[in-house]
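This report describes a structure through its ring pairs, helix packing and backbone geometry. The sequence and the structure are shown first.

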Amino acid sequence: MRENIARMGRYTLIRVVTLVLAVIVAVYLTVIIANMGGEMDKVKKSQIQFNVALEVYMNEANRGLPASVLKELVKERAEAEFRRLGLDQPFFPRRSFRYLTNALSLQLGRAEFMTSDAGSRQVRLILVERLPSTLILFATAQLLLFLLALFFALFLSRRYGSFLDRVTIALAPSSAAPGWFYGIFLILIFAFALRVLPDGGLMAAPPPPTMLARALSILEHLILPVTAILIGALFASIYAWRTFFLIYSSEDYVELAKAKGLSSQAIERRYILRPTMPPIITSFMLLAITMWMGQIVLEYVFKWPGIGQAYYQAVQVGDTPVIIGVIVIYGYLLAATVFLLDFVYAILDPRVRVGIGR
Amino acid sequence: MENWLTRLKGLRRYPSLAAGVLIIILFIGVSLYTVIAIPYSEGIRLWRGGPGVWDENPKNAQPIWFDLFTRDRLARTIIVTGEDTGITRVEPLTDDINLVEIVLPFKYNYDGFPRELILFTTVTFEASHMPVTVSWRTPDGRSITLQEDRLLRRGPASYYISQDIELIAQLGNRLPHDALFADPEEEDRPLRGDYEIVVQAELREGDELSAKLMVAGQVHGVAGTDHRRRDLMVALLWGAPIGLAFGVLAAVGAQLSTFVLAGIGTWFGGKTERIFQWVTQVNIILPMLPILIMIGYFYSRSIWVMLGLVIALNVFSASMFTYRAMFLQAKETPYFEAAQAYGAGNFRIIFRYLLPRIAPTLLPQFVLIVPTFVFLEATLAVLGLGDPRLPTWGKVMNDAYRAGALYKGYYYWIAQPAALLMMMGVGFALVGFALDRIFNPRLRTV
């Protein structure tokens with residue numbers, strides 16, 4: 001038992017180290033790209049220089065000063081500004097690493113252009129405002145997807161070859177298109193043609209006065225995006241998992257269990273679900289990861305005020321601190337998703353628990 | 001070889017495969033046609049537009065086949081040129097001045113109102129300005145002066161009748177293209193029959209005047225037009241080769257590299273394998289779409305740069321794990337030992353024995369991943385990161401989305417490229433799922 005715990009501890013440690021390294025790589029890559037490998041500094045510097053010069057030359061008090069003094073003044077003040085923003089130090093390696101460590105320790109700093117809805121320039125506050133809506137949408141969709149896919153996959157594996165089964169197989173190619181793609185059609189049909197559901201946003205405007213009404217409004221706004229995500233992934237998942245169940249239910253030990261006269265529920269739980277769970281969790285994990293990424297377009301299409309939208313806006317205006325902030329959050333969320341599912345995997349798969357498989 | 005043949009013979013049992021293959025062949029055919037009929041540079045030129053390219057197209061016209069679903073005959077675009085159907089009358093006023101009258105007649109037989117009226121004129125003359133009078137004659141004999149003594153400069157000019165504020169006021173605050181066509185007895189229906197627009201000017205000997213009228217239709221072209229008068233057909237056609245090329249190249253590049261690396265890693269084992277595994281685990285957590293978006297905004301939006309990036313980011317994709325499991329199983333078979341015994345080198349074994357052994361299982365995977373990349377291109381385009389020069393399906397959807405096509409009811413604008421994208425995706429998915437069942441016999445039995 002103690003050995004098991006030690007093994008699991010070691011396994012967990014390795015996973016955590018890998019994930020942390022992955023996050024570091026992702027964030028450092030972002031730091032470099034978002035600063036254009038240091039090129040962004042030049043842009044910022046000349047912008048500051050221009051602003052300072054404008055201020056100095058336009059200042060009534062400086063009128064009549066000789067040109068050389070004015071020039072000196074501009075230089076002095078611009079350099080002070082560079083020092084304040086740390087632009088006087090080279091991007092590689094000092095500052096890029098400082099960006100990295102700051103980002104990883106979630107000291108996200110101040111945004112250059114964007115503000116939070118409450119008016120703050122703090123990147124942390126901008127993102128904290130957006131995070132809940134992203135989590136609501138994503139968690140709802142993921143949970144529904146997992147449960148529905150599992151339920152239908154089991155259901156269909158019992159009714160192999162039935163009409164419903166065939167329909168699901170025929171529908172599996174629908175997952176070739178991503179969720180946002182179906183989102184556009186759903187908006188077209190339900191928001192514009194039938195006018196029964198809102199076309200986007202988090203809640204009705206103006207926000208309803210009571211808590212309950214607000215929650216209901218959010219729920220109403222969740223219907224279309226969640227449906228879009230589900231259509232984009234459900235049928236392929238059902239198809240793949242159904243196949244897993246079918247393969248495992250033709251194993252000899254299942255036949256034996258049947259011969260022993262165990263109830264079909266017990267067989268399903270103990271002999272089919274148990275061994276199929278690890279591969280299913282893995283496939284679900286990969287799906288979840290790709291869907292985290294797809295979140296940006298989905299939020300864009302549904303005008304959902306989440307992290308993805310914030311990221312998109314930040315990239316458009318070149319707001320480096322916000323970009324890095326979002327990638328850090330994404331990195332941590334992805335790593336957390338993977339770690340959590342990995343942990344579930346370890347619990348479900350006895351080979352991992354006792355350290356044979358790896 | 002025989003094994004493959006028998007497998008291929010089995011294909012007849014899969015109608016979905018045939019359907020998928022048919023769709024893909026269709027798209028390949030369309031792509032070939034497009035690349036030949038509208039060469040790359042021509043496609044770019046047409047899509048960029050500019051003066052003189054799409055002037056004679058209506059804005060946001062529905063596709064022509066919309067006519068089939070409506071009871072009314074929807075208006076089509078009518079273009080009347082002075083040279084072809086116009087009648088030019090010349091009446092001498094004084095010795096060297098003639099009153100020149102160009103009459104542009106046309107028949108209007110539709111149940112809907114046109115969307116816009118534009119009169120294009122070109123004048124060559126000595127003086128700096130030239131007064132021109134434009135008037136309108138309806139089938140029931142009414143005559144309306146649209147403009148009296150409008151001063152025209154030398155060269156080509158466009159008179160946007162639909163946007164003439166004075167005329168709108170004169171017609172009782174009604175849009176000219178509605179009011180000029182309306183039946184006086186039944187205001188909400190256009191009057192059918194022969195219309196005329198008359199352009200009059202006093203020209204000296206040697207001066208020239210030519211005129212052309214465009215009555216913009218409600219429907220235009222097989223695919224309709226967008227907000228910049230561009231024929232959507234260009235983009236719908238060019239979307240096929242670009243989507244195919246991007247999807248297939250990305251799939252080949254990404255999957256094949258992963259496949260080969262997985263083979264090498266598994267064969268050598270030990271450190272190489274551990275490093276590959278670790279890089280993969282890091283790589284699948286890299287946020288691919290955010291990185292692509294960032295590169296698109298900061299560096300380059302060229303579709304080929306994006307393609308290279310997509311491939312690079314997918315070299316160590318999650319398929320590495322799947323392939324590794326397969327290779328591990330295959331490695332156990334005794335003939336690898338035999339190959340080693342006769343002295344085959346590591347890479348000979350990998351490329352001649354190990355990879356070909358698993359290759360058939362790669363095929364369905366490879367086909368199934370194509371739509372992912374086709375839609376990735378569309379995803380980038382919808383976010384405004386499409387190639388700035390090439391017309392693609394995703395870019396049309398982006399244009400439509402930004403111009404509020406859903407809100408304004410221009411459904412064709414979004415639905416057509418979306419339907420094509422879907423068709424391409426489903427084509428590959430159908431083939432992929434069918435191949436999966438054929439090449440993985442374990443699935444066939446269940």
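## Aromatic pairs

Rings of Phe, Tyr and Trp (its six-membered ring) are taken as a pair if their centres lie within 6.5 Å; planes under 30 degrees apart count as stacked, over 60 as edge-to-face and the rest as tilted. In this predicted model, 38 aromatic pairs are found over all chains. One of them is the edge-to-face pair of A:Y239 and B:F433, with 4.8 Å centre to centre and 90 degrees between the planes. This pair crosses between chains, from helix α8 of chain A to helix α15 (residues 411–439) of chain B. Helices (H or I, at least four residues) and strands (E, at least two) are DSSP runs, numbered from the N terminus. Both A:Y239 and B:F433 are buried, where buried means under 20% relative accessible area, exposed over 50% and partly exposed in between (1.4 Å probe, protein chains only).

A further edge-to-face pair joins B:F259 and B:Y323, at 5.5 Å centre to centre and 85 degrees between the planes. It links distant parts of the chain, since B:F259 lies in helix α6 (residues 232–268) of chain B and B:Y323 in helix α10 (residues 319–331) of chain B, 64 residues apart. B:F259 is buried, at a relative accessible area of 5%, and B:Y323 is buried at 0%. Ring pairs also link B:F106, B:Y108, B:Y110, B:W136, B:F181 and B:Y195 into a cluster.

## Charges over rings

A charge sits over a ring if NZ of Lys or CZ of Arg is within 6 Å of the ring centre and within 35 degrees of the ring normal. In chain A, A:K45 lies over the face of A:F82, 5.5 Å from the ring centre. In chain B, B:R301 lies over the face of B:Y297, at 4.7 Å from the ring centre.

## Helix packing in chain A

Helix α5 (residues 123–158) of chain A packs against helix α8 (residues 211–249) of chain A at an angle of about 35 degrees, and their axes are 7 Å apart. Axes are lines fitted to C-alpha atoms, for helices over the stretch in contact, and angles run from 0 to 180 degrees between N-to-C directions.

## Backbone geometry

Most residues other than glycine have a negative phi, and most peptide bonds are trans. A cis peptide bond, with omega about -15 degrees, joins A:F92 and A:P93; A:P93 is in helix α4 (residues 91–104) of chain A. Another cis peptide bond joins A:A205 and A:P206, with omega about -5 degrees, and A:P206 lies in the loop between α7 and α8 of chain A.

A:K303, not a glycine, has a positive phi of about 50 degrees. A:K303 is in the loop between α10 (264–301) and α11 (307–317) of chain A and is partly exposed, at 42% relative accessibility. B:N173 also has a positive phi, near 55 degrees. B:N173 lies in the loop between α4 (165–170) and α5 (176–179) of chain B and is exposed, at 66% relative accessibility.

## Confidence and conventions

The model scores ipTM 0.83 and pTM 0.86. The predictor's confidence in each residue, pLDDT, runs from 0 to 100. Chain A has a mean pLDDT of 85, with 97% of its residues at 70 or more; chain B averages 87, with 96% of the residues scoring at least 70.

Residues are numbered from 1 along each chain as its sequence is written, and chains are lettered from A and ligands numbered from 1 in the order in which they are written. Local features need pLDDT of at least 70, side-chain atom pairs count only at pLDDT 80 or more, and totals for chains, interfaces and linings use all residues, while side-chain values use heavy atoms, with hydrogens and water left out.
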